[in-house]
Amino acid sequence: MPAPRSTVRRGLAAVAALPLLAVAATACGYGSEAKDDDAKANVSAGGKKLSSDTVKIGYFPNLTHATALVGIQEGTIQKELGGTEVESTTFNAGPSEIEALNAGSIDIGFIGPSPSINGYSKSQGKGLRIISGSASGGVKLVVNPKKIKTLDDLKGKKIATPQLGNTQDVAFLNWISEKGWKVDAQSGKGDVSVVRSDNKVTPDAYRSGDLDGAWVPEPTASKLVSQGAKVLLNETDLWPDKKFVITNIIVSQKFLDEHPDVVEAVLKGSVATNKWINANPDEAKASANKALEKLSGKPLAPEILDPAWESIEITDDPLAETLKTQAGYSVKSGLLKEPDLQGIYDLAPLNKILKAEGRPEVADAGLGVK
């Protein structure tokens with residue numbers, strides 16, 4: 001069962017180049033856009049090391065990655081690791097994080113479902129495992145209200161997603177298809193122009209008029225709203241029970257095999273972080289914003305932070321049934337052949353932790369390791 005809902009979280013040339021860069025990156029596997037934040041957060045001096053000296057964790061500077069933001073900021077994850085040091089790296093979107101996982105640049109990642117599916121499929125089930133959930137919701141379609149007043153008005157407009165093949169990109173392509181419109185998934189050209197734009201660039205591109213809207217995670221969606229955009233659709237409203245996995249936790253299968261104690265410690269830290277976030281939403285929101293300030297140099301203003309945080313549910317449940325649905329979206333869009341996802345989940349370490357706390361175990365929708 002998911003945790004209770006928490007009141008949680010430069011120009012034309014740059015944007016025009018992004019679709020080509022994204023396509024090129026995908027064509028060669030996944031183009032890494034990793035940026036080391038140089039943080040070796042909250043090392044527990046004198047603590048006992050586990051089987052690895054370090055664990056390299058990847059995540060996004062998005063509020064949908066609040067577990068990582070808060071868990072690293074507050075030292076909750078480090079506390080469980082003792083003398084094993086956390087080294088963290090941030091990414092713009094999932095495909096580049098998968099590239100880093102495959103290259104051994106990170107061991108564990110907070111990431112969306114579509115890149116998890118793609119990474120697992122491309123490695124023929126040998127590259128990664130999903131070991132926990134992290135968040136649901138926090139994705140919105142926001143538009144220029146002067147140009148777009150209804151969903152039908154999107155036809156012929158330029159709408160941004162973070163990266164070709166990332167979770168929001170796949171969701172938007174599926175939504176377009178269900179409208180009966182045609183878009184070439186790779187180029188983004190068609191009845192709607194899908195512009196693959198780094199979340200850091202999108203607000204400036206929107207402000208300059210180079211974009212008409214965006215299907216993006218928080219806090220980018222609320223940043224656009226603060227610039228005059230309007231929320232036209234909350235993706236949560238498209239899902240049964242208004243729940244869908246937006247962030248889960250993956251691990252390199254090699255790292256899981258070699259360092260199960262480290263993986264379990266990170267999961268203990270994640271579970272403890274999620275529990276604290278849901279019990280202390282205001283403090284957690286402030287902590288996440290402090291982490292974002294360290295990463296970007298500037299905290300989020302309340303008019304951005306508050307609505308963004310409200311739209312996200314923090315949960316240990318990977319919501320596996322919704323991942324199966326999103327796999328279907330990738331197939332339908334032509335970005336992925338029908339995948340064999342058997343074994344993509346290994347929830348045994350997480351369920352061990354939940355059981356020890358007297359909490360219900362979470363399900364893998366029949367896609368667990370045998």
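The questions and answers below cover a predicted model and the terms used to describe it.

In this predicted model, local features need pLDDT of at least 70, side-chain atom pairs count only at pLDDT 80 or more, and totals for chains, interfaces and linings use all residues. Numbering runs from 1 along each chain as its sequence is written, and side-chain values use heavy atoms, without hydrogens and water.

Q: What makes Thr-161 buried?
A: Buried means under 20% relative accessible area, exposed over 50%, partly exposed in between (1.4 Å probe, protein chains only). Thr-161 has a relative accessible area of 0%, so it is buried.

Q: Which residues is Thr-161 in contact with, leaving aside neighbours within four places in sequence?
A: Contact means heavy atoms within 4.5 Å. The partners of Thr-161 include Gln-168, Phe-172, Val-194, Arg-196 and Trp-215. Asp-169 is also among them.

Q: Why is the pairing of the Thr-161 and Asp-169 side chains called a polar contact?
A: A polar contact is a pair of N or O atoms within 3.5 Å; within protein, one must be able to donate a hydrogen and the other to accept it, and residues adjacent in sequence count only if both atoms are side-chain atoms. The two side chains make such a contact at 2.7 Å.

Q: Why is Glu-264 called buried?
A: Glu-264 has a relative accessible area of 18%, so it is buried. Beyond residues up to four places away in sequence, Glu-264 touches Lys-352 and Ile-353.

Q: Which residues lie nearest the centre of the largest cavity?
A: A cavity is a set of points, on a 1 Å grid over the protein atoms alone, where a 1.4 Å probe fits but cannot get out; lining residues have an atom within 4 Å of a point. Of the 16 lining residues, Phe-60, His-65, Asn-166, Gln-168 and Ile-246 lie nearest the centre. Helix 6 (167–178) and strand 11 (245–252) each give two or more residues to this lining.

Q: How do you know where to read the model with care?
A: pLDDT is the predictor's confidence in each residue, from 0 to 100. The chain averages 89, and 88% of the residues score at least 70. Over residues 1–46 the pLDDT is below 50. Where pLDDT is low, the predicted coordinates should not be read in detail.

Key: 1 Å grid on protein atoms, 1.4 Å probe; cavity = no way out; pocket = protein on both sides within 12 Å on 5 of 7 lines; lining within 4 Å. Helix = DSSP H or I, 4+ residues; strand = E, 2+ residues; numbered from the N terminus.
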